[in-house]
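Reader: Hi! I have a structure open on my screen and would like to talk it through with you. Could you take a look with me?
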Amino acid sequence: MKKVINILLAVILMMNLVGCGNEPQISTDTEQSTDTATESGLKIGMVYGLLSEEFAVDLQTGIRKACEDAGVELVECDYNFDYSKGNDYIDNLITMQVDGIILWPFDADVFTGNIDKARAAGIPVITVDCTANTEVDCFVAADSVLGGKLAAEYMVKNQGETGKTLIITPAPGMSSLEQRDKGYYEVLEQYPGIEVVEQLDAGTNARAGYAQTVENALNANPDITSILANCGDVALAALSVVEMYPEKFGDVKIYGFDASAEQMEAMKQNRQIEATVAQYPIMIGRLAVENMVKKINGEEIDKEVMAEVGLVTKESAESFEAKE
């Protein structure tokens, strides 16, 4: 009877997921599942925060490739900034009795209950890119503080020890962006001649929202000389604004993050992005899966795994190759 009930629950769950239409939903990569499920017998759930930007796509590439290499079945979902959906997906993965959950949380608090619930059920949880304010089995990310320092140091080298810098600050709890800003300030506090202008933007309206925030800040502070952009969308939003009003903002220099293809192309074209920090999301995805498999198999893993970061400038953009 228990087996029949479990089968019925699984059928109902899948019917509900298929019925979500265009909403973010759990979706098993059937080709991977068919080819790899029999190799290791492991099933990992991956909960993405969004899949609409290049970092996320590269992260997914790393996750998928590592699962394929390890013979692991992968179940993916994208809550797209909808934390309620994200918690529902974690509940579903717990019900499906996956062997492990990899979570990309944008807020350090909203998933803590379900993280605890999963771990209490014997399902290890690894977070990527952003931390959670509860115990997880491992946190895998780029060294965001170091990345922030690299960007700020290069900015000072370029503009000197005076000027006015705009920093777009994230909503509280977005730990990876907070860590990048921390790196900025650890450098800038050494240069009192550089004035910092802060402008809050939680990122919920993505690039369009960032563009409006940057435009408002530049109009209110027309003497801004540089922008420290703590993610790719901020950098590209800032670029769109300064290029729209070259007579006002033609001298503003942008220092980005993520080394996305659009930023790289802008640097190759000698536009107003001077440099961008390269974190390696494919590497982050690979490390998350590798450590999850070790954890499931009873091996010891570190509580924190930091992937490399590097700085790409206009001069090095042509020769840059992302590490995997």
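**Talking through the model**

Author: Happy to! By the distance rule for cysteine sulfur atoms, the count of disulfides comes to zero. Bear in mind that this is a predicted model.

Reader: Thanks. Cysteine 67: buried or exposed?

Author: Cysteine 67 counts as buried, because its relative accessibility is 0%, under the 20% limit. Cysteine 77 is buried too, with a relative accessible area of 1%.

Reader: Good to know. What is the mean pLDDT of the chain?

Author: The mean pLDDT is 89, and 88% of the residues reach 70 or more. Over residues 1-38, though, the pLDDT is below 50. Beyond near neighbours in sequence, that stretch has 45 contacts in the model.

Reader: I'll be careful with that part, then. How many helices and strands are there?

Author: The protein chain has 12 helices and 13 strands. It has 324 residues, of which 53% count as buried.

Reader: And which residues touch the most other members in the largest nonpolar core?

Author: Those are Ile63, Ile101 and Trp104, in a core of 101 residues. Helix 9, residues 232-244, gives the most to this core, with eight residues.

Reader: Nice. Switching to aromatics: how many aromatic pairs does the structure hold?

Author: There are 10 aromatic pairs. In one of them, the ring centres of tyrosine 83 and phenylalanine 111 are 5.9 Å apart. Their planes are at 85 degrees, which is over 60, so the pair is edge-to-face.

Reader: Where do those two sit in the chain?

Author: Tyrosine 83 is in helix 4 (residues 83-95), while phenylalanine 111 is in the loop between strand 4 (100-103) and helix 5 (112-120). The two are 28 residues apart, and the pair links distant parts of the chain.

Reader: Why does tyrosine 83 count as partly exposed?

Author: Because its relative accessibility is 24%, which falls between the 20% and 50% limits.

Reader: Which residues do ring pairs link into a cluster?

Author: The cluster is made of Phe55, Tyr79, Phe81, Tyr83, Trp104, Phe106 and Phe111.

Reader: Let's move to backbone angles. What is the phi of asparagine 80?

Author: Asparagine 80 has a positive phi of about 50 degrees, although it is not a glycine. In general, most residues other than glycine have a negative phi. Asparagine 80 is found in the loop between strand 3 (73-78) and helix 4, and it is partly exposed, with a relative accessible area of 40%.

Reader: And what about aspartate 258, where does that one lie?

Author: Aspartate 258 lies in the loop between strand 10 (253-257) and helix 11. Its phi is positive as well, about 95 degrees. Aspartate 258 is buried, with a relative accessible area of 12%.

Reader: One last thing: which residues does glutamine 263 touch?

Author: Leaving out residues up to four places away in sequence, glutamine 263 touches Gly232, Ala235, Leu236, Gly256, Phe257, Asp258, Ile273 and Thr276. Glutamine 263 has its place in helix 11 (residues 261-268), and it is buried, with a relative accessible area of 0%.

Terms used
Residues are numbered from 1 along each chain as its sequence is written. This is a predicted model: local features need pLDDT of at least 70, side-chain atom pairs count only at pLDDT 80 or more; totals for chains, interfaces and linings use all residues. Side-chain values use heavy atoms; hydrogens and water are left out. pLDDT is the predictor's confidence in each residue, from 0 to 100. Contact means heavy atoms within 4.5 Å. Rings of Phe, Tyr and Trp (its six-membered ring) pair if their centres lie within 6.5 Å; planes under 30 degrees apart count as stacked, over 60 as edge-to-face and the rest as tilted. Helices (H or I, at least four residues) and strands (E, at least two) are DSSP runs, numbered from the N terminus. Buried means under 20% relative accessible area, exposed over 50%, partly exposed in between (1.4 Å probe, protein chains only). A disulfide is a pair of cysteine sulfur atoms within 2.5 Å. A nonpolar core is a set of buried Ala, Val, Leu, Ile, Met, Phe, Trp, Tyr and Cys residues joined through side-chain atoms within 4.5 Å.
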